[in-house]
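Here is a short briefing to read alongside the structure. Take a moment with the model below, then follow the notes topic by topic.

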Amino acid sequence: MDGAGNDFVITDLREGGRMTAEAAQYLGDRDGPFGCDQIIVLEERRERPFMSIWNADGTAAGACGNAARCVAKILFGEEGGEALAFGSPSGDLRASLQDSLVEVDMGSPRVDWDEIPLAEPCDDTSSLPFDPALRARFGLPSPAGASMGNPHATFFVDDAESALLESFGPEIESHPFFPDRVNVSAASVKDGVIRLRTYERGVGITAACGTAACAALVNAHRLGLTGREADVVADGGRLRIRWDEETGHVLMAGPTCLHREGRF
Ligand SMILES: N[C@@H](CCC[C@H](N)C(=O)O)C(=O)O
């Protein structure tokens, strides 16, 4: 399946079996028979569905927004109804159907330095004291940090289209400033819309990253660049993100697409 172009192999192991790092690498390898950004495993935990998440490089991830919509779509197909919940590594997720889109409540963002996490204390994580020499090399501003259950650094630039993400993405992803590595995004805001491109931890450049879109909206709002709601336009599609004032949760609505289904 894919969500806004972010593609997944979703394996249903609710009746048994287990994923390994090696199997995830095999399924994620674009030179192999499958190839995808993430490998999602549907499991049964405490008598309810649970999604676990593996990046194409075989590492585990704490959250995946676009895959959460795809998993919700599968479960809606099985259970019917218009709202449901399932487990994920970063907590229970609630999903609802909104016409042709799926909306998922991605929970509360975390913006304290040790929750992102960063290697050193920082009072204002909307403007991180991140490697000035590296930033100067690529003409980048201070990034804003946030966790959506996984770590994100958002660089607000004049033009996300022309940002050299393929050059600075890999360097920043594994920079010691981010001890758990980081998902790296270039964002620009125009007329209230966020244009976003992401270099995903454990993957590389993606067509879209749902949690990066959530982090971008949270960081844009913290910096006074948008309100609490905005469309986020990735290479592969458009997501609607809202940071609810009452609950503090981030809601993400977007498309899902099934490509191929069967026993392989
Ligand atoms: N594609 C995802 C994020 C997947 C995990 C990420 N690469 C990480 O390691 O944190 C999304 O849609 O959020």
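Setting aside neighbours within four places in sequence, Cys64 is in contact with Gln38, Ile53, Gly210 and Thr211. The model is a predicted one, and Cys64 is a handy place to start because 31 C-beta neighbours inside 10 Å make this residue count as buried, the cut-off being 20 or more. In the UniProt record, an unreviewed entry, Cys64 and Cys209 carry the feature "active site". The two positions are spread over 146 residues of sequence, yet they cluster in space, with a largest C-alpha distance of 7.7 Å.

**The two annotated cysteines**

- Cys64 sits in the loop between β5 and α2, the latter covering residues 65–79.
- Cys209 is found in the loop that runs between β13 (204–206) and α5.
- Is Cys209 buried or exposed? Cys209 is buried, because 36 other C-beta atoms lie within 10 Å.
- Not counting residues up to four places away in sequence, Cys209 touches Asn6, Asn183, Thr198 and Glu200.

**The nonpolar core**

- The largest nonpolar core has 74 residues, and those touching the most other members are Ala213, Cys214, Ala216, Leu217 and Val232.
- Which helix gives the most to this core? That is helix α5 (residues 210–222), with eight residues.
- Both domain 1 (2–108) and domain 2 (132–246) supply at least three residues each to this core.
- Leu217 is in contact with Ile194, Thr226, Ala230, Val232, Ile241 and Trp243, once its neighbours within four places in sequence are left aside.

- As a general point, strands of a sheet pair through backbone hydrogen bonds, either parallel or antiparallel.
- β1 and strand β2 (residues 6–12) run antiparallel and are joined by two bridges.
- Within β2, Asn6 is the bridge partner of Gly3; Asn6 is also one of the residues that Cys209 touches.

- Strands β6 (residues 83–86) and β7 (residues 93–98) pair in the antiparallel sense, over four bridges.
- Ala85 has Arg94 as its bridge partner in β7.
- Six residues lie between the two strands of this hairpin, and Gly91 in the turn has a positive phi of about 120°.

Key:
Residues are numbered from 1 along each chain as its sequence is written. This is a predicted model: local features need pLDDT of at least 70, side-chain atom pairs count only at pLDDT 80 or more; totals for chains, interfaces and linings use all residues. A nonpolar core is a set of buried Ala, Val, Leu, Ile, Met, Phe, Trp, Tyr and Cys residues joined through C-beta atoms within 7 Å. A residue is buried if 20 or more other C-beta atoms lie within 10 Å of its own, exposed if 12 or fewer, and partly exposed in between; C-beta atoms are placed from the backbone. Domain bounds come from an automatic or database domain assignment. Two residues are in contact if their C-beta atoms, placed from the backbone, lie within 7 Å. Two strands pair if DSSP finds at least two bridges between them. UniProt positions are given in the numbering used here, feature names are shortened, and annotations may be inferred rather than shown by experiment.
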